[in-house]
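Dear colleague,

My notes on it come after the model itself.

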Amino acid sequence: MLEVRHLDKYYNPGTISELCLFSDFNLIVEDGEFLCVVGSNGSGKTSLLNLIGGNLSLDGGGIFFHGEDITKQKDFLRHRRIGRVYQNPGAGTCPGMSILENMSLADNKGKHYGLGRGINKQRIPYYKELLSGLNLGLQDKLDGKVSSLSGGQRQVLALLMATMNPIEFLILDEHTAALDPKTAELVMELTQKIVNEKQVTTIMVTHNLRYAVDYGSRLIMMHQGNIILDKGKKEKAGLKVEDILGTFNEISIECGN
């Protein structure tokens, strides 16, 4: 379980442009939950992900994993337990390296490196098995450079790499925003498949209301650092885009979007 307790976060504190993004913000994400987060621009969605991942520091409150206080834990230590896929398809992979080399890096995440080879050839059949389940033909391109892949293929590969080793939490930071509609649909279907198979607790930020409604087990809407809508599993089951569109448009107009 992830708990965000009494979170405070300020930008440019002590200056004329000081901004209080979060004030006494609280959130609990239960084990196995797939939480979809939508909201207005500047509502704190991505900042929340960065605070959870350790890329931003808090000004007050705390973040807890299964009761353990990780508020001051370094980001590289948190990422042993957290997988993350970014909006930019190139951010989660090494474009100058091959698919095999990328998967080997992901496979060795959190492990001690010795003086041996970085690629264990005995693991290649396993990598091919994982890739074949994506139905993109990547299992036949192991030696190809990641830079030669399409944005969608790279994003799917990044998603696979983020979840290769056991993790406690998966962060999806608008991971379909840079993709064309058809590819985005494919990535979302594979996302749901991987989350279900791995049974990993997931938080996904998206601007696509349909994705937020159709996928996941819980939906929250954020505005100015607050949760203004929270739909759990039972309420979300019958939810339609039209049910939340009015509220979303209202806060978007308020923000000048």
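This is a predicted model: local features need pLDDT of at least 70, side-chain atom pairs count only at pLDDT 80 or more; totals for chains, interfaces and linings use all residues.

Residues are numbered from 1 along each chain as its sequence is written, and side-chain values use heavy atoms, with hydrogens and water left out.

The sheet

Strands and helices here are DSSP runs numbered from the N terminus (strands are E, at least two residues; helices are H or I, at least four), and two strands are taken to pair if DSSP finds at least two bridges between them. On that basis there is an open sheet of 4 strands, with antiparallel pairing and the order β2-β1-β4-β5. Because β2 and β5 stand at the edges, each with a single partner strand, one side of each is left without a neighbour in the sheet.

Strand β1 (residues 2–11) pairs with β4 in the antiparallel sense over 5 bridges, and Leu2 has Phe65 of β4 as its bridge partner. β1 is also joined to β2 by 7 bridges, again running antiparallel, and there Lys9 has Phe22 of β2 as its bridge partner. Ser17 is found in the loop between β1 and β2 (19–29). Leaving aside neighbours within four places in sequence, Ser17 is in contact (heavy atoms within 4.5 Å) with Tyr11 and Asn12.

For solvent exposure, buried means under 20% relative accessible area, exposed means over 50%, and partly exposed lies in between, using a 1.4 Å probe and protein chains only. Ser17, at 42% relative accessibility, therefore counts as partly exposed. Strand β4 (residues 60–65), by contrast, is mostly covered, with 5 of its 6 residues buried.

β4 pairs in the antiparallel sense with strand β5 (residues 68–69) over 2 bridges, where Phe65 is partnered by Glu68 of β5. The two strands form a hairpin with 2 residues between them, and His66 in the turn has a positive phi of about 50°.

Charges and rings

A charge is said to sit over a ring if NZ of Lys or CZ of Arg is within 6 Å of the ring centre and within 35 degrees of the ring normal. Arg5 lies over the face of Phe64, at 3.7 Å from the ring centre, and the charged end of Lys9 sits over the ring of Tyr11, 5.4 Å from its centre.

Rings of Phe, Tyr and Trp (its six-membered ring) pair if their centres lie within 6.5 Å, with planes under 30 degrees apart counted as stacked, over 60 as edge-to-face and the rest as tilted. The count by this rule is 4 aromatic pairs. One of them is Tyr126 with Tyr127, whose ring centres are 6.2 Å apart and whose planes are at 50°, so the pair is tilted; Tyr126 is partly exposed at 28%, whereas Tyr127 is buried at 1%. In Tyr211 and Tyr215 the centres are 6.0 Å apart and the planes at 75°, so that pair is edge-to-face; Tyr211 is buried at 3%, and Tyr215 is buried at 10%.

Cysteines

A disulfide is a covalent bond between the sulfur atoms of two cysteines. With the cut-off set at sulfur atoms within 2.5 Å, the count comes to 0 disulfides. Cys20 is partly exposed at 38% relative accessibility, whereas Cys36 is buried, with a relative accessible area of 0%.

With best wishes
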